[in-house]
Amino acid sequence: KTFIILKPDCMEKGLVGQVVQRFESEGFDIVATKMARLDAPILKEHYAHVADLPFFPDIEAFMSSRPVILMALQGENVIQRVRDLLGPTDSSKAPEGTIRGDFGTDMMRNVVHASDGPETADAELKRFFDPRELY
């Protein structure tokens, strides 16, 4: 399983259906989903690795600017395959045909957050979903 956030720019641009379609076309199963508005405490926890850096207030403002969609996807080698489908974090360097290359703008406005490894996925899924919400 991996954890996904369809970020505020994805929501604003009306890309949710297209992004989810790409995940489903790759054969991933959606095993949890919900909409939420992320607040300061959850964002500080989620971005703890950069929460003390000068650019964090920009991340916090962006990620709390509108509701987002939280998802758990399941499938074979899902973490790496999702990251390949997304392309590099910096959308300006993401190739055409990747989600970020096709829809993203820059390092922050890159349409989708995805877990970067099994430990991160486990922690993020526990942070955003009650175990009873995962199917």
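Let's start with Ser-91. Ser-91 sits in the loop between helix 5, residues 78-86, and helix 6, residues 99-103. Keep in mind that this is a predicted model.

Is Ser-91 buried or exposed? Its relative accessibility is 5%, and buried means under 20%, so Ser-91 counts as buried. What does Ser-91 touch, leaving aside residues up to four places away in sequence? The contacts are Arg-100, Gly-101, Gly-104, Thr-105, Asp-106, Met-107, Arg-109 and Asn-110.

Four strands make up an open sheet, and their order is 2-3-1-4. The pairing is antiparallel. Which strands stand at the edges? Strand 2, residues 29-36, and strand 4, residues 112-114. Each has a single partner strand, so one side of each has no neighbour in the sheet. From one strand to the next, the twist averages 20°.

Take one pair in detail. Strand 2 pairs with strand 3, residues 68-74, in the antiparallel sense. How many bridges join them? Seven. For Lys-34, the bridge partner in strand 3 is Leu-70. As a reminder, strands of a sheet pair through backbone hydrogen bonds.

Next, the helices on the sheet. Helix 2 covers residues 16-25. Helix 2 lies across strand 1 (2-6), strand 2, strand 3 and strand 4. Its angle to strand 1 is about 160°. Then there is helix 7, residues 118-128. Helix 7 also packs on the sheet, and touches strand 1, strand 2, strand 3 and strand 4. The direction of helix 7 makes about 55° with that of strand 1.

Notes. Residues numbered from 1 in each chain as written. Predicted model: local features only at pLDDT ≥ 70, side-chain atom pairs only at ≥ 80, totals over all residues. Heavy atoms only, no water. Pairing = 2+ DSSP bridges. Helix = DSSP H or I, 4+ residues; strand = E, 2+ residues; numbered from the N terminus. Axes fitted to C-alpha atoms, helices over the stretch in contact; angles between N-to-C directions. Contact = heavy atoms within 4.5 Å. Buried < 20%, exposed > 50% of the residue type's maximum accessible area, 1.4 Å probe, protein only.
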